[in-house]
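Reader: Please take me through this model, one feature at a time. I would like the general idea and then the case at hand.

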Amino acid sequence: MIAIGIPRSPEIELKAEGSYGSLPCWACLLLELRTVKAAVVTCGGLCPGLNSIIRGVTKCLWHEYGVREILGITAGYNGLSDPDSHPPIKLTEENVRDIHMKGGSIIKAARGGFDAEKICDNLQRLGITVLFLVGGDGTQFAGHLLYEAARKRRLDVSIVGIPKSIDNDVVLFDRTFGFETAVAKASEVIRNALVEASSCDRGVGIVKLMGRDSGFVAMHAATAADVVDLCMIPEVNVKMKDVLEHVDATLARKKYMVIAVAEGAGQEHVSTGKKDDTGHTIYGDIGVFLKDTLNKHLKPSGGRTFYIDPSYIIRSVPITPNDHIYCVRLANDAVHTAMRGYTGVCVGAMHNIVCMLPSRLIATGKKKVRPHSSSWQGCVQTCNMPAALSGLF
Ligand SMILES: Nc1ncnc2c1ncn2[C@@H]1O[C@H](COP(=O)(O)OP(=O)(O)O)[C@@H](O)[C@H]1O
Ligand SMILES: O=P(O)(O)OC[C@H]1O[C@](O)(COP(=O)(O)O)[C@@H](O)[C@@H]1O
């Protein structure tokens with residue numbers, strides 16, 4: 001594993017030196033293991049693989065370090081700020097044994113509830129010395145704030161983030177866990193849409209996929225399914241006139257077609273101008289807009305749409321085998337990172353090597369599809385989309 005520009009937690013280093021003179025850190029940690037109390041929390045929306053991460057962290061702590069005090073914090077940051085209302089559960093080697101077989105998070109994932117000072121109080125009160133934060137850029141931003149607050153108090157706690165995003169929109173790291181699973185499920189749904197569309201004269205299957213700000217799921221699923229004629233992503237603005245022309249040309253050629261659209265695509269046509277309580281933009285429904293617009297457009301010629309919105313089905317499925325392997329790797333490396341006293345960091349793969357980076361870097365924004373990239377242009381080519389919809393003009 002590689003550490004990029006990261007100092008070790010000074011508090012932990014000082015203590016180790018004070019207690020054990022010049023013993024190497026690894027040995028110090030082995031001697032300190034009796035005092036380790038770990039906790040893991042899952043924040044934000046669901047994503048395939050959360051249970052694999054919880055299990056991987058628990059098993060690594062249990063078997064590699066002999067840690068027996070492991071808490072699953074329930075309901076995201078709510079459970080850290082207010083553990084009396086959201087009591088933690090004990091994680092053991094036994095009660096996590098088979099949890100990777102199902103989707104979701106056994107400790108529940110949630111938004112809201114972040115309060116750095118209250119969380120520091122509770123970390124002290126519960127005696128937590130190692131904390132794993134599983135969540136997206138928002139969670140890791142909050143994780144950075146928590147690291148700063150803990151540092152000010154000189155709390156002996158290692159805070160290590162494991163970035164999560166079904167949209168694969170986490171910056172700097174190669175990919176997020178769960179993304180491959182989402183693409184596999186989304187491709188399957190796209191093929192269902194093909195069955196409907198192609199079993200009807202002038203049928204148009206529309207599949208709306210997750211991706212508020214980044215179109216990786218739609219792009220990869222469209223490319224992988226290899227039956228899509230139009231893919232729309234948030235990073236590429238399109239004119240409805242060009243969309244309708246492409247629909248007409250495709251139907252004239254094939255008599256049916258399939259559209260994969262990311263939920264954040266085409267917001268210029270459906271913008272609500274509103275934000276929710278947590279400050280996130282409320283997106284207009286591009287899927288329903290496309291369905292209604294195309295139904296109106298196709299009615300005179302006898303065509304129709306088949307609209308599928310599988311969002312929560314996709315993110316609630318169990319993890320695929322390769323993705324599970326990635327989760328185990330991330331979980332193990334997160335544990336090794338924390339047990340060496342690093343804090344305020346996230347772990348993830350860069351060029352397929354698991355690295356740790358300061359959490360504040362992960363929180364600097366969202367990764368986006370680049371319209372000029374070979375991935376997007378490859379998707380455009382696979383879908384046989386015209387230049388006007390390619391994002392190049
Ligand atoms: N700027 C912020 N300041 C404080 N807490 C935040 C901030 N952004 C996110 N959080 C906390 O992290 C949680 C998860 O963030 P969110 O953006 O909803 O999902 P994700 O982690 O998947 O990006 C939020 O509900 C909130 O508790
Ligand atoms: O309905 P919820 O739970 O607010 O979540 C919806 C959003 O979460 C996402 O799945 C993204 O979440 P992550 O990238 O953090 O996994 C979006 O694609 C979707 O719009």
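**Ligand 2**

Author: A backbone N or O atom of I166 lies 2.9 Å from an oxygen atom of ligand 2. A polar contact is a pair of N or O atoms within 3.5 Å; within protein, one must be able to donate a hydrogen and the other to accept it, and residues adjacent in sequence count only if both atoms are side-chain atoms. This is a predicted model, where local features need pLDDT of at least 70 and side-chain atom pairs count only at pLDDT 80 or more, while totals for chains, interfaces and linings use all residues. Residues are numbered from 1 along each chain as its sequence is written, chains are lettered from A and ligands numbered from 1 in the order in which they are written, and side-chain values use heavy atoms, with hydrogens and water left out.

Reader: Which residues surround ligand 2?

Author: A residue is near a molecule or strand if one of its heavy atoms lies within 4 Å of it. Around ligand 2 are R111, K164, S165, I166, D167, M210, G211, R212, E263, Y312 and R315. The side chain of E263 has an N or O atom 2.7 Å from an oxygen atom of ligand 2, and for the side chain of K164 the distance is 3.1 Å.

Reader: How much of ligand 2 does the protein bury?

Author: Accessible areas come from the Shrake-Rupley method with a 1.4 Å probe; for residues, only the protein chains shown count as cover. Ligand 2 alone exposes 480 Å², and the protein buries 79% of that.

Reader: Which residues come nearest to ligand 1?

Author: R111, G112, G136, G138 and T139 do, of the 15 residues around ligand 1. An N or O atom in the T139 side chain is 2.5 Å from an oxygen atom of ligand 1. A polar backbone atom of G136 is 2.9 Å from a ligand 1 oxygen. For G138, the corresponding backbone distance is 3.0 Å.

Reader: What is the strand order in the open sheet?

Author: Helices (H or I, at least four residues) and strands (E, at least two) are DSSP runs, numbered from the N terminus. Two strands pair if DSSP finds at least two bridges between them. The order of the 4 strands is β9-β10-β8-β13, with parallel pairing. β9 (230–232) and β13 (304–308) are the edge strands, each pairing on one side only. Between β8 (residues 203–209) and β13 there are 5 bridges, and V204 has T305 as its bridge partner in β13.

Reader: What does UniProt place at residues 38–336?

Author: UniProt positions are given in the numbering used here, feature names are shortened, and annotations may be inferred rather than shown by experiment. The unreviewed entry places "domain: Phosphofructokinase" there. In the model, residues 38–336 are 44% helix and 17% strand, and the end C-alpha atoms lie 13 Å apart.
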